[in-house]
Amino acid sequence: MSTEHDNPYDLLGADHGEDHRWAFGTGFTDPLEGIDTTVAPGLDAGALARYCLGLGDDALIYSHRLQQWVARMPELEEETAIANIALDLLGQARMLLARAGNILGRSEDELAFFRTEQEFRNVRLAEHEDRDFAELAGRLLIFSAWRLALFERLLAAPDPVLAAIAAKGVKELTYHRDYAAQWVIRLGDGTALSHARMQNALAALWPLAGELFRPDRDGFAHVQPGTIDEVLDAVLATAGLDRPDAGALAGVSDRAGRDGVHTEAMGYILAELQSVARAHPDATW
């Protein structure tokens, strides 16, 4: 990796606007094309690949869940916001899967479309199906607050490519967290009905949040529950919402999403996500 980039964000060409792919995280070429992806001496390449794969799977599956809300939102403005958040996460997924793939010798599309359910490493919160908009807002708040805190730590990751991906993601995730917080406050501090919906949503989501703080043997950064407690408590207090009785956010000891153990919903997600690619396996994706 060249040492001329003092800011890892420059590796993606995002500071100067010369590569418009980075504005949206999409394109039809390798998202890391032109970037030195050599793993630095002393780094465990296998651990780096597994770690990027987990973070990439989180973004890919969550992006797909958000895309399912497009054309279902009550207002065009909110539909556009959710679509853009989904697109941000898809861009993160592409870069992270590409980073893992160039170590594993597989393309980002192979990793997205031709792995089985047990091979995916996303946290189970990402695959949860939101029953209503309150769950959408609450889940996005918890997920984005956690991922933002994690990406802020990854700015100092020993792999410059991962650090650069995190630097780009921090700006996106800050918006995601603030968007979700505004809606949690609006619903919690709204009508009796919206308040009840939001409180019920938090109760349903809270048991899934503990997995976010589970120690990761391949982790290049880790977030303790207290890291985001201040943010969540401030939002809940402003919204007049109670913290769920499930207790403090804490790591879980049982096998979870990072181990390839998922909820029943995961199979349905992949059936939809992978159907076209699997129906035409010889096509060039």
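Hello everyone, let's start with Gly260, which is buried at a relative accessible area of 9%. By buried I mean under 20% relative accessible area, with exposed being over 50% and partly exposed in between (1.4 Å probe, protein chains only). This is a predicted model, in which local features need pLDDT of at least 70 and side-chain atom pairs count only at pLDDT 80 or more, while totals for chains, interfaces and linings use all residues. Residues are numbered from 1 along each chain as its sequence is written, and side-chain values use heavy atoms, leaving out hydrogens and water.

Now to the overall picture. The secondary structure of the protein chain comes to 10 helices and zero strands. Here helices (H or I, at least four residues) and strands (E, at least two) are DSSP runs, numbered from the N terminus. Of the 285 residues in the chain, 50% are buried. The chain exposes about 12,900 Å², with carbon and sulfur atoms supplying 52% of that area; accessible areas come from the Shrake-Rupley method with a 1.4 Å probe, and for residues only the protein chains shown count as cover.

Which parts of the sequence do the contacts join? Among contacts between residues at least 6 apart in sequence, 79% join residues at least 24 apart. A contact here means heavy atoms within 4.5 Å.

Setting aside neighbours within four places in sequence, Gly260 is in contact with Glu117, Gln118, Phe120 and Arg121. Gly260 and Thr116 are 144 residues apart in sequence, yet their C-alpha atoms are 9.4 Å apart in space.

Next, Arg124, which lies in helix H5 (residues 124–127). Is Arg124 buried or exposed? At 16% relative accessibility, Arg124 counts as buried. Beyond residues up to four places away in sequence, Arg124 touches several others, including Leu208, Asp254, Gly257 and His262. Glu211 is also one of the residues that Arg124 touches, and the side chains of Arg124 and Glu211 meet in a salt bridge at 3.1 Å, N to O. Glu211 sits in the loop between helix H8 (192–209) and H9, so the pair ties together parts that are 87 residues apart in sequence. Both Arg124 and Glu211 are buried.

That brings us to salt bridges in general. The structure holds 17 of them, a salt bridge being a side-chain nitrogen of Lys or Arg within 4 Å of a carboxyl oxygen of Asp or Glu. Another one joins the side chains of Arg147 and Asp58, at 4.0 Å, N to O. This pair links distant parts of the chain: Arg147 is in helix H6 (residues 133–154) and Asp58 in helix H2 (residues 45–67), 89 residues apart. How accessible is Arg147? Its relative accessible area is 0%, which makes Arg147 buried, and Asp58 is buried too, at 0% relative accessibility.

Asp216 forms a salt bridge with Arg258, where the closest N and O atoms are 3.9 Å apart. At 29% relative accessibility, Asp216 counts as partly exposed. Asp58, Arg147, Asp216 and Arg258 are linked in a network of salt bridges.

Let's turn to H9. It has 14 residues and reaches 20 Å from its first C-alpha to its last, close to the 20 Å expected at 1.5 Å a residue; the expected span is 1.5 Å times one less than the number of residues. The buried residues of H9 are Ile228, Asp229, Leu232, Val235, Leu236 and Ala239. Why do these buried residues line one face of the helix? Seen down the axis of H9, they fall within an arc of 145 degrees, so they line one face. That arc is taken from the directions from the helix axis to the C-beta atoms. As a reminder, an α-helix has 3.6 residues a turn, so residues three or four places apart point the same way. The cover over the buried residues of H9 includes H6, helix H7 (160–188) and H8. On the face turned away from the buried side are the exposed residues Gly226, Glu230 and Ala237. Just after H9, Gly240 takes a positive phi of about 70 degrees.

One last stop: Ala71, in the loop between H2 and helix H3 (76–104). Its phi is near 80 degrees, a positive value in a residue other than glycine. Ala71 is exposed, with a relative accessible area of 65%.
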